[in-house]
Amino acid sequence: MKNKMTGKIDLDSTMKLLETLQLPFNFTHVKHVFKKTVDKRKTHLITIEDFRAIYRAIVHRAEFQELFRAYSPTSKFLADTELIEFLRKEQHETETCETLALEMILKHEPIEEVRKRRQMSFEGFIRYMNSEDCSIFKSEHRTVYQDMNQPLCDYYISSSHNTYLISDQLIGPSDLWGYVSALLKGCRCLEIDCWDGSNNEPVVYHGHTLTSKIQFSSVIRVIDKYAFVASDYPVVLSLENHCSPEQQEVMAEHLETILGDKLLTSTIGDTNVTQLPSPEALKFKILIKNKKVGTIEEGMLRREFDSHGETGEVSDVENISDEDEIDEKAPLLSKNDSTKRKSEQNPPAPPRKKVKMKKIKIALALSDLVIYTKSQKFVSFEHSLENQKCYENNSIGETKAHKFVKHSAKDFISHTSRFITRIYPKGTRATSSNYNPQEFWNVGCQMVALNFQTPGVQMELQNGKFLDNGGCGYILKPEFLRDQDSTFTPQNVGRYSKPMSLSIRLISGHQLPPSNLSKTNKADPLVHIEIYGVPEDQAKKKSSVVKSNALSPRWDETFSFTVQVPELALIRFCVEDEISLVANEFLGQYTLPLLSLRKGYRTVPLLSKDGDNLKPASLFVHIWYY
């Protein structure tokens, strides 16, 4: 409130007045700067002079003043020529800086007379430095800029595992929100676990567990509504199908009636498919990934007649000895249980080599909806090379995939250059924890499926990687992972190395989230800067700790990295609060592709554990690479 007689204002009015100045403020920080101002007095009101002092304490950052003064000898305004020089020399802007400078003045200069004189005041400069125009993420990567006309298998595809879960896999709720939030994050491959339900209506849940059930039809309605909100590019529904042929028919009916024209039911062009279509050709289409009877051509011919009630058989493999190829939906034992039991009985038996085939019945109505994404049991790289068609895809569990990365990376890359490969977390991850997706991106796996409901470094890498290319959920793989004759492997990059020298000056932080332990607005922040990529590029460095300052910690420390394969690398900035000599607490982070870094003085926005923007919390850095 404002006191009419004295023209003084309280904390709430201070906050409201600050918000009109078009800069973001953190209430906790404002509250404590305000408290410091009034603590010496008996009143809870401040004058206009006090208000200006509070504003300056938060907004007039010393590091911005140093830069501004370096380019403005008079220290009052930057002339357009001085701003042009700053943009060219410090910000490495490549477009015509004359036009850009004027654009920045018109966009960020709050004082009209200054704007008319084509100048920028310190207030305008602060607004520019705090804006998207100064963000560390390349603006041209915020829209789709890659070639979208290559075959589907040439792209990384944002993929989620157990999309219907919003907490853990054993008793957590199944919820439609899992699908909505994944689609809104740009996810393009969703998993739907289907089981027979009552009244001949299939349901979606995590089989053999206590997770709740949702109707298959409601899941499809939600997908229909949200599929193309975040991206125009195709959505793949990966069906983990446990339904009887009768209920598979019901599924087919729901897919056709609810999705209508969005559902892909025939090939684009030639029915004899020798190459997968591109994301561009499949815009606004929803594809079904499931087992399929016979060829695409047979299925399309069949669709012209009523195949109601008809089923076909596909053979599947039983008794695979690889531990992660046990059905992901099997009931889980804790590790101790199973090892204890084993040792009590007898020594572990040698792995079973004899492969038994079992027949699975599939309703033709559903089978015929599978066009370019036919699920095919993975046998071996050799077997795929000789027998697999380009529209057949494999799902490989993380444990088995990890062994392939280690022992046969070259064959793995040769495989992923031809066939869409989906990796999924092992069934023993009862808490829906995630594996590190980077090792599978390194060998070109397209669908590296993660539990989107589980926050942590793995999801931060996923979200960071898919910020690229406009967040459309498809990222073109590097040439050496698309070329079928490539000799690249992550362990031995050889001639594919394009070394990049990167230098990051960590200057300061601004309005960081205060520590959970602080009764005021304090924290003891430190910053980790990490590179994720091929094994020899993995690197972690950390700054010193700034004691009890979350409002404006200053580091001025430089970190250097050499990266051999920048095309695969991600960089992660993580801010922590040192709560003791042995423990740190997460405050915020930001991850992005190395090749999306912009040079110059840049702001790093910070995100929470759940990926929400912690605005105005940010880091201020200087980036240089060649």
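Student: Which strand does Pro616 lie in?

Tutor: Pro616 is in strand S25, residues 613–625. Keep in mind that this is a predicted model.

Student: What kind of peptide bond joins Lys615 and Pro616?

Tutor: A cis bond, with omega at about 5°. Most peptide bonds are trans.

Student: Sheets next. In what order do strands S13, S14, S15 and S16 come?

Tutor: The order is S13-S14-S15-S16. These four strands make an open sheet with parallel pairing.

Student: Which strands stand at the edges?

Tutor: S13 (374–375) and S16 (447–448). Each has a single partner strand, so one side of each has no neighbour in the sheet.

Student: How many bridges pair S13 and S14?

Tutor: Two, in the parallel sense, with S14 covering residues 392–397. Ser375 has Asn393 in S14 as its bridge partner.

Student: Which helix lies across S14 and S15?

Tutor: Helix H16, residues 398–407. H16 runs at about 95° to S14, and S15 is residues 421–424.

Student: Now S22 and S23. Parallel or antiparallel?

Tutor: Antiparallel, with nine bridges joining S22 (residues 570–578) to S23. One of the pairs is Val575 with Gly588 in S23.

Student: What joins S22 to S23?

Tutor: A hairpin, through five residues.

Student: How many residues of S23 are buried?

Tutor: Nine of the 10, so S23 (residues 584–593) is largely enclosed by the rest of the structure.

Student: Over to H5. Which residues there are buried?

Tutor: Glu82, Leu83, Ile84, Phe86 and Leu87 are buried in H5, which spans residues 80–89.

Student: What do the buried residues of H5 pack against?

Tutor: Helices H4 (62–71), H6 (97–108) and H8 (122–129) are among the partners. Strands S3 (77–79), S4 (119–121) and S24 (600–607) also pack against the buried residues of H5.

Student: Salt bridges. What's the count?

Tutor: The count comes to 27 salt bridges.

Student: Start with Arg61. Which residue does Arg61 form a salt bridge with?

Tutor: Glu63, with the closest N and O atoms 3.1 Å apart. Arg61 and Glu63 are both buried.

Student: And Glu93, which side chain does that one meet?

Tutor: The side chain of Arg598, at 3.4 Å from N to O. Glu93 is in the loop between H5 and H6 and Arg598 is in the loop between S23 and S24, so the pair ties together parts 505 residues apart in sequence.

Student: Glu93, buried or exposed?

Tutor: Glu93 counts as buried, at 16% relative accessibility. Arg598 is buried as well, with a relative accessible area of 9%.

Student: How about Glu479 and Arg482, what do their side chains do?

Tutor: They meet in a salt bridge, 3.7 Å from N to O. Glu479 and Arg482 are three residues apart in helix H20 (residues 479–482), so about one helical turn separates them. Glu479 is exposed, with a relative accessible area of 51%.

Student: Which residues do salt bridges with shared partners join into one network?

Tutor: Glu66, Arg554 and Asp556.

Student: Last topic, the surface. Which residues form a nonpolar patch?

Tutor: Trp177, Leu184 and Val229 form one, with about 310 Å² of accessible area together.

Student: Where is Trp177 found?

Tutor: In helix H9, residues 176–184. Trp177 counts as partly exposed, since its relative accessibility is 48%.

Methods
Residues are numbered from 1 along each chain as its sequence is written. This is a predicted model: local features need pLDDT of at least 70, side-chain atom pairs count only at pLDDT 80 or more; totals for chains, interfaces and linings use all residues. Side-chain values use heavy atoms; hydrogens and water are left out. Two strands pair if DSSP finds at least two bridges between them. Contact means heavy atoms within 4.5 Å. Axes are lines fitted to C-alpha atoms, for helices over the stretch in contact, and angles run from 0 to 180 degrees between N-to-C directions. Patches are made of residues with over 30% relative accessible area and no salt bridge: like charges are joined within 9 Å, nonpolar side chains (Val, Leu, Ile, Met, Phe, Trp, Tyr) within 5 Å. Accessible areas come from the Shrake-Rupley method with a 1.4 Å probe; for residues, only the protein chains shown count as cover. A salt bridge is a side-chain nitrogen of Lys or Arg within 4 Å of a carboxyl oxygen of Asp or Glu. Buried means under 20% relative accessible area, exposed over 50%, partly exposed in between (1.4 Å probe, protein chains only).
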